[in-house]
Every structure is written in structure tokens, then in C-alpha cells.
Amino acid sequence: MPYADQFLDRKLNERIEGNYLRHLSIVEGMIDFCSNDYLGISTHKLLQPFFTGEEQHGSRGARTLAGNYALIEETEKKIATFHHSPAALIFNSGYNANTGVIAAVAQRGDIILYDSLAHASIRDGARLSFASSYSFNHNDLADLSAKLEQHIKGLSGQIFVLTESVFSMDGDIAPAVELVKICEHYNAHLIMDEAHAIGVLGEQGEGLVQSLNLQDRLFARIFTYGKAPGAHGAAVCGSEKLKSFLINFSRSFIYTTSLPESAVKAISATYEVFPKMFSERKKLDELIQVFQAALVPYVKLNSTTPIQGIIVPGNTEVKALAAVLRENGLDVRPILYPSVPKGMERLRISLHAFNTVEQLNQLISFLRG
């Protein structure tokens, strides 16, 4: 008897008709302008020397039961020390960390205000909480202040402001200093996702907040290890009380099997590697300047990070341009509606320390047509 799955057709057909049905593919032998491996740690297997071969690849259960062990606690202390935080708690992914923190700490009667371009995991965390949530215009301090002023009246609960330090699709940077001041003025709790900043921003790749010495003025920071650090998993940095609260109330932490030793060893190892990659961060800055100075017949997003964007409106149009680039050995992926707003479809170009200026100029040449 065939699977009774015909009811799935309606939504799938909508994507087919809109030309935004996703597919999985394996790409080999192309120049990488796509991955989040900004420093090349994963590409060049820089964490491998730190493994002894004795690390367990399986896990015994949730951390609240049989899944806790010495290495994971030692690594949390290492993370907290590096990021100048009282405590750190490891989660299985950045998505788990964002949804787990937000859904746990925001209660009924609280208000969440999130940047309109915040990552899906931040928005999903807001939805999973019992708090009321509203967006504010992207990096718009005046709009955030107006919404804080509006919602503070008569509020008996807490207000949380959620944003990213480096935005995953536009590559721009949050105005962290001003955000902290506004949140302090309104007694709001600021949570910042540093997924695309760790390893890249700051003298040692410590991220945006710490590079500005603001770490003691935020409620929490979330660090994801699957981008520049070249590992997997995530960590929440905050107070000891927040850590205890999450261990007791964060469902994505409590009701999941803990990361195995092999994954945690990679997290520990990356803190031995990325802080010392000064030349790689300098190379990234060079490539960013080359790309930002280049003239191309498209709207180019203003970004000082490895995430660069070329706006090519329309799913069909941006997919066609990406196909031309890939036919010429350049792995650049289109970002389609509804992942970005209609009319803001784009090529998301990731720059890496292992890309050469010659490769980048080749990409620019094809963009010029």
C-alpha cells in the first residue's frame, strides 16, 4: 500500500510553482563562495591534531540524566573564561540554543521585541514562548525606542530585545553600543546571537559584544560553532543564575541527548585555534575591501563582514545567475523568497581566508557579465 501522503502535495506544489522548492546537493571541485567556513578551519581540518582517537562518538543520554561528563563541563568553563562570562552552557546547535533560551526565559505577560531581520531560530523561540512578541525595523534605534516606549506602559513583566551581532543574510552589524544604552534606559534584557561574529570580529575573534567591552551589560550571548569555528554545537553565555535556570526550564536542553565527546572536543579545540588566526582575519578584511570597491550592475549590500550580498530580484532571475556562476566553477548560492522578502532575493557571497584575490576578481568579472 503506498504512503497516504497526497495531502503534502498542496504545499509542495506551491513551492514548485513559485520556483523556490529546496533540494539537497553535493558540490565538489568548485571555488567556495558559499560556506560559512570563513577562516578555513573546517576546510583545512585544523582541529584534527587535537583528537587522540579515544573520544567517544556516541552519547549516553540527556545531560540531566546520564549524558553529563567531565569534558563538557571543562569546555563550558573554557568558553566562559574566553568570553569573560560568569558561566556558559553548551547546546546541541545554534537553533537549539536560541529557541531554548528565548522560550524558557520569556514568560506570560512579558514582551519580546526582535529585529525584523533576525534569524528564524530567534523568531521561532519567540513563538514558542508565552510572551507577546513584536518586530522592530532592522537596526532602527528610533523604531525600537518607540516600541519600548509603547509597550513599557502598564507592563508588569519583563521586556526582552533580541538581535544578531552580524546578520546572516545582509552581513551588516548591529549597533551594539546604542542598543545596550537603549535597553538599559528601558530596563530591557538584551540577547544577542553572535553566530556569524565569533572567530571573525574582534582581535581574537571574540565577537562583537566583547570587542566593544559590553559583555557585562547584556542578559545573554549565543555563540554557534558551526560557522567560523569549524566545529558543531553552540553555547549560551550569561550569569550562573541563567545557566541554572536553563538547566531546569529550557526544553531544547533538557529533552535531548547531549553532544558526544568528539563534538565537544572540537569545540574545546577551536578555542585553541581561532583566537590566533590574526593573518586570516586580516586576509578577510582585504577581500571584503576588494569586493566592496568593485563595480557590478546590481545593488550591492553594504557589509564589512565576510557575508556579502548582491540583490537580484525574482527567484527565477537569481537562480539563473547562480547557475551561470556554478557552470564556471564558482559555488555561489541564491537566497530565494520566502527566506528573504520578495524583491530582495540575492546571491549570498561568503568570503573566506582561503579565497584568493584572483578568485574574487574572477567572480566579480562574471557578475559584470
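**Rings and a sheet**

K300 lies over the face of F291, 5.5 Å from the ring centre. For such a contact, NZ of Lys or CZ of Arg must be within 6 Å of the ring centre and within 35 degrees of the ring normal. K342 does this over Y337, at 4.6 Å from the ring centre.

Some ground rules. This is a predicted model: local features need pLDDT of at least 70, side-chain atom pairs count only at pLDDT 80 or more, and totals for chains, interfaces and linings use all residues. Residues are numbered from 1 along each chain as its sequence is written, and side-chain values use heavy atoms, with hydrogens and water left out.

Now aromatic pairs. The structure holds 8. Rings of Phe, Tyr and Trp (its six-membered ring) pair if their centres lie within 6.5 Å; planes under 30 degrees apart are stacked, over 60 edge-to-face, the rest tilted. Y225 and Y271 are edge-to-face: 5.8 Å centre to centre, 70° between the planes. They sit 46 residues apart, Y225 in the loop between β7 and β8, Y271 in helix α10. Helices (H or I, at least four residues) and strands (E, at least two) are DSSP runs, numbered from the N terminus. Y225 is buried at 0% relative accessible area; Y271, at 7%, is buried too. Buried means under 20%, exposed over 50%, partly exposed in between (1.4 Å probe, protein chains only). Ring pairs link F82, Y225, Y271 and F274 into a cluster.

Last, the sheet. Four strands form an open antiparallel sheet, ordered β9-β10-β13-β12. Strands pair if DSSP finds at least two bridges between them. β10 and β13 pair over 5 bridges. G309 stands opposite R348 in β13.
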